Amino acid sequence: MTTAKPTTGDLIQAAAVLVDTSADYTADEFAAVLDAFIAAADDKIRALRFVAKAAESRSEAMRVEAALYAAAARAQAAVAERVTARAFMLMEAAELVGETLPGARLQANGGKPGLLYALDFAATELPALLQRVIVEPDGDAIRAALAKGEAVPGVSIRPAGRHLRWTP
């Protein structure tokens, strides 16, 4: 008895199930399940493509959902900040007239004191001991020098990587 070749719909459904349940597995367990999925497929690359596309689709949907949650979280943080600012104003107003409001108190901030720079301040005019200089390689300049055949100690061009591109 021969089994029917899986249809595109069958592959899409199987790939969706595999992606849906992937979070339930450890990396080794998922590798085993994926190996079994591949072994059962007639066209292994096509089957893997369906799994990859299903995972990419799920990932994009989760990214969109995460962005919505992040926006909602930022909005709620803004509400909390506005409410806290209003409470701060009430506490300062009460303090000015000698009142004490229950439930909160004003206190000095901890940590390092902030620095207030004059409008015409120039860090380059500070003594060297009061400056921080950060030295980092200029990748574009190094690539250009290497392309011209110049030697750059300790640096070479890394071979380009490879990636998989799905084809129809």
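Visitor: How much space lies in the largest pocket?
Guide: About 170 Å³ of space lies in the largest pocket, where a pocket is, on a 1 Å grid over the protein atoms alone, an open set of points where a 1.4 Å probe fits, with protein on both sides within 12 Å along at least five of seven lines. This is a predicted model, in which local features need pLDDT of at least 70 and side-chain atom pairs count only at pLDDT 80 or more, while totals for chains, interfaces and linings use all residues. Residues are numbered from 1 along each chain as its sequence is written, and side-chain values use heavy atoms, with hydrogens and water left out.

Visitor: Which residues line the largest pocket?
Guide: Its lining, meaning residues with an atom within 4 Å of a point, includes Thr84, Phe88, Met91, Arg105 and Asn109.

Visitor: And what volume has the second largest pocket?
Guide: The second largest pocket has a volume of about 150 Å³, and among the residues that line it are Gly139, Ile142, Val155 and Arg158.

Visitor: Switching topic, how many aromatic pairs does the structure hold?
Guide: The structure holds one aromatic pair, counted when ring centres lie within 6.5 Å. The rings of Tyr117 and Phe121 have centres 4.6 Å apart and planes at 35°, so the pair is tilted, as planes under 30 degrees apart count as stacked, over 60 as edge-to-face and the rest as tilted.

Technical notes
Rings of Phe, Tyr and Trp (its six-membered ring) pair if their centres lie within 6.5 Å; planes under 30 degrees apart count as stacked, over 60 as edge-to-face and the rest as tilted. Grid points are joined across faces, edges and corners, and a volume is the space filled by probe spheres set on the points.
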